[in-house]
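Here are my notes on the structure you sent. They are set out as numbered points.

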Amino acid sequence: MNEKKSIQNVDVKGKKVFCRVDFNVPMQDGEVTDDTRIRAAIPTIQYLIEQGAKVILASHLGRPKGEAVEELRLDPVAKRLSNLMDRTVTKTDEAYGSEVDEAISQMESGDVLLLENVRFYPGEEKNDAELAKQFANLADVYVNDAFGAAHRAHASTEGIAHHIPAVAGYLMEKELRVLGNALQDPDRPFTAIIGGAKVKDKIGVIDNLIDKVDNLIIGGGLAYTFVKAQGYEIGKSLLEEDKIETAKEYMKKAEEKGVNFVMPVDVIVGDDFSNDANTQTVDINSIPADWEAMDIGPKSIEKYSDIVKNSKLIIWNGPMGVFELETFANGTKGVAEALGQTEGYTVIGGGDSAAAVEKFGYSDQMDHMSTGGGASLEFMEGKDLPGVVALNDK
Ligand SMILES: Nc1ncnc2c1ncn2[C@@H]1O[C@H](COP(=O)(O)OP(=O)(O)O)[C@@H](O)[C@H]1O
Ligand SMILES: O=C(OP(=O)(O)O)[C@H](O)COP(=O)(O)O
Ligand SMILES: [Mg+2]
């Protein structure tokens, strides 16, 4: 990262700045339920304002797959940012085009504009060259502060950087510095806890983590592809069918390398994806058909907590269960508590994991709360992040 230009190495005074942020925040009923990622981007936005730049913010929200989805518009995000910064944030209903051109032409130094969800355009995730140019045409300088999306080579995270001067924002810099330091010659025992719902994205990370960690704990929706790979039935639990063989290979590799591969020993199953679901606590080999495993059970929490308390470095990405529903929150709460109590160095990554830790009141006890889940995992694996690679060298 040292070799990439940062916001301080470029003149932004009075310039139009396209600033990619990760405002992919948890939402419910049109309200932002956790604004960690919005707050994390404020130092960069504030700096740009102080420099008299015209700040054009861009972000994705959710996975709208290239078309406009009403619930994924960024208006609630603009409102929250405006409240947090106590200033007007103009929001456009497009991310480029005549409405945007008009709004930018009205901007004065220090004004802040938020473009519409960039994933409403099919070219965003395809890293379409034309769309990247459209974005670049809006501004003089590109700042990437979206660490949480830096593992994506998309038009607003990668493509645009090839057209105008491109530098890292403060959040991007801080994330790379802190995560880089933690991973350099890690203290041991080194434990990784991986959960969450983005199974396809995250399962591959395990391969490289096995080469680095002493304990690899699996939980959340990610666990059940492994449970299935062990030969147990998983009812209606989250499954990535075509990753079962991969899961088997990873478990074998962990055994060969002497890595302690830790799976849930019991789970809470529900008959409905709601707080009113009927629930049962069952051993991992007894998940009933037609039920869905939505949290880890008490024996698993205890097992995971013991390992966490005896570790010197713990990285955690992905909730242990559907923590948004109180009925299935105990696993995530229990693991968060153990991380809060351990003397080891704790790194939490991911929009939803950070939201959970915040919700349960443990964020002050963590050593580093990363805004990136998939991004922090890929970085810690040693992979290059396309959103960083594309920035200008010093
Ligand atoms: N057993 C499970 N079944 C279904 N979804 C789950 C399960 N455990 C966790 N989840 C969901 O995983 C989501 C977060 O996953 P992910 O985005 O991968 O994590 P992060 O944002 O921390 O990187 C949460 O919304 C949570 O409800
Ligand atoms: O929320 C995000 O990642 P995370 O769930 O791993 O924390 C980022 O905004 C990336 O989103 P994406 O996984 O839809 O590309
Ligand atoms: Mg997430």
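1. UniProt positions are quoted in the numbering used here, with shortened feature names, and an annotation may be inferred rather than shown by experiment. The model itself is predicted. Under "binding site", the UniProt entry, which is unreviewed, lists R37, R119 and R152.

2. R37 is placed in helix α1, which covers residues 36–50. The threshold for a buried residue is 20 or more other C-beta atoms within 10 Å of its own. R37 has 25 C-beta neighbours inside 10 Å and therefore counts as buried.

3. Which residues does R37 contact, leaving aside its neighbours within four places in sequence? They are D22, F23, N24 and V25, together with G148, G351 and T371.

4. R152, also listed by UniProt under "binding site", sits in the loop that links β7 (141–144) with β8 (166–168). R152 has 22 other C-beta atoms within 10 Å, so this residue is buried as well.

5. An open sheet is built from six strands, ordered β11-β10-β9-β15-β16-β17, with parallel pairing. Because β11 (260–262) and β17 (368–370) are at the edges and each has a single partner strand, one side of each is left without a neighbour in the sheet. From one strand to the next, the twist averages 15°. As background, strands of a sheet pair through backbone hydrogen bonds, either parallel or antiparallel.

6. What is the bridge partner of V347 in β17? The partner is H368.

7. The largest nonpolar core has 124 residues, of which V17, F18, V55, I56 and L57 touch the most other members. Helix α6 (residues 170–183) supplies the largest share of this core, namely six residues. Domain 1 (7–173) and domain 2 (185–381) each contribute at least three residues to the core. In soluble globular proteins, nonpolar side chains tend to be buried together.

8. F18 deserves a separate entry. Leaving aside neighbours within four places in sequence, F18 is in contact with I56, A58, F135, L138, A139, Y142 and I160. I56 in that list is, like F18, one of the core residues that touch the most other members.

How values were computed: Residues numbered from 1 in each chain as written. Chains lettered and ligands numbered in written order. Predicted model: local features only at pLDDT ≥ 70, side-chain atom pairs only at ≥ 80, totals over all residues. Pairing = 2+ DSSP bridges. Helix = DSSP H or I, 4+ residues; strand = E, 2+ residues; numbered from the N terminus. Axes fitted to C-alpha atoms, helices over the stretch in contact; angles between N-to-C directions. Buried ≥ 20, exposed ≤ 12 C-beta atoms within 10 Å, placed from the backbone. Contact = placed C-beta atoms within 7 Å. Core = buried A, V, L, I, M, F, W, Y, C linked by C-beta atoms within 7 Å. Domains from an automatic or database assignment.
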